[in-house]
Amino acid sequence: MADSSAPDGYFDAASTEPPHPAARAALLEALDAGWADPARLYGRARSTRMLLDRARARVAGVLGARPDEVSFTSSGTQAVHLAVLGGLQARRRAGRHLVVSAVEHSSVLHAAELHEADGGEVTAVGVDRAGRVDPAAFAAALRPDTALACLQSANHEVGTVQPVAEVAEACRAAGVPLFVDAAQSLGRVDVPGGWSLLAGSAHKWGGPAGVGVLAVRKGTRWRSPLPADEREARRVPGFENVPAVVAAAAALEAFRADMRDEAPRLAALVDRIRERVPAAVPDVEVVGDPARRLPHIVTFSCLYVEGEALLTELDRAGFAVSSGSSCTADTLRPSHVLEAMGVITHGNVRVSLPRGVASADVDRFLTVLPGTVARLRRSALNALDP
Ligand SMILES: Cc1ncc(COP(=O)(O)O)c(C=O)c1O
């Protein structure tokens, strides 16, 4: 591995992975070598274009795609929006029906809401208690007027891996293009190849923020929902951030190489958390598929504790974790993922381990957690019965 250190107590890699050393080195080099306009014809522009094209080929190699199928966007969210809205736009004649899983990332669901507000129809396919879509139920939701289907490669809140290959086969049989949001998987686990459209996000694999990937398979109908622009094969408007794209490509290759040894190590640390948390903390539910899951994510919900209070206390103890439930004063909405799974939505904590996390750091977390939960429960009881 390039560098084994991860920031102490940083357990929020599913939100963003700390920068990979390969990204930093490539970024600094490309800031000097790749600032010219890649669309121009003079030498400096051509060498910037070469950097961009080489980065595209490297990313395409990891995706199992052709370089001309890959475009760079300004975020994972933008890649998702373009994939969904562009996929729908191009198949307007087939119909205006969109199929999504109920546990997609908000970027997919927000694009679906826009489609609905514009007169389109959306079917959300439910999941089981582990957060997994049933391929037969997904296939049954496809109709003759279905323009596009969307299934994430793996869930961002609970880590459950979805049956992409089976769903892709059902979509192929029905003649419906499948969009796969692979933002949580790219670089960590390989994504099955049956997708028509795919999205990724560089800051999830240790690349810089502000770089997303949109891949459109050759032969897939896609039309930009945005005003025309020449850049990125007319798929993404605006001047490319070539240095960031170069850094993203370098990070993806390096991160993926690291994951050969690192993914099993992270998976074993997650197993340790999955086993020890319910043994040490009463009234807790570990959620998500125990086996068909990403290597680095584990989520559990604690009864009789507010998620935000728990995150704040863990932050005080030196741990950065996140929560799927955003029961904040302004939304009061539990996580749509946990709701769709039918599991406890209260006191929810997502631990997502970055590359190089120290095993001793995980043990320290397991030592601190039971006392923290117990203290919060005691103070909640005292508040009820002063
Ligand atoms: C599954 C999934 N899709 C899309 C995104 C959006 O990516 P970005 O943060 O680059 O906008 C995220 C980020 O959390 C994600 O987890």
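The structure is a predicted model, in which local features need pLDDT of at least 70 and side-chain atom pairs count only at pLDDT 80 or more, whereas totals for chains, interfaces and linings use all residues. Residues are numbered from 1 along each chain as its sequence is written.

Helix α1 (residues 21–33) comprises 13 residues and reaches 19 Å from its first C-alpha to its last, close to the 18 Å expected at 1.5 Å a residue, the expected span being 1.5 Å times one less than the number of residues. Its buried residues are Ala22, Ala23, Ala26, Leu27 and Ala30; a residue is buried if 20 or more other C-beta atoms, placed from the backbone, lie within 10 Å of its own, exposed if 12 or fewer, and partly exposed in between. Viewed down the axis of α1, these buried residues fall within an arc of 125° and therefore line one face of the helix, the arc being that of the directions from the helix axis to the C-beta atoms. Leu28 and Asp32, on the other side of α1, are exposed.

In the segment before α1 lies serine 15, which counts as partly exposed because it has 14 C-beta neighbours inside 10 Å. Serine 15 and valine 321, although 306 residues apart in sequence, are 9.4 Å apart in space, C-alpha to C-alpha.

At the level of the chain, the secondary structure comes to eleven helices and ten strands, taken as DSSP runs numbered from the N terminus (helices, H or I, at least four residues; strands, E, at least two). The radius of gyration is 22 Å, close to the 21 Å that the globule rule gives for 386 residues, so the chain is as compact as a globular protein of that length; the radius is taken over C-alpha atoms, and the rule is 2.2 Å times the number of residues to the power 0.38. Of the 386 residues, 48% count as buried, and among contacts between residues at least 6 apart in sequence, 72% join residues at least 24 apart.

Around the ligand there are 14 residues, of which Gly76, Thr77, His156, Ala183 and Ser201 come nearest, a residue being near if its C-beta atom, placed from the backbone, lies within 6 Å. Helix α3 (residues 76–90) gives the most to this shell, with three residues.

Terms used
Contact = placed C-beta atoms within 7 Å.
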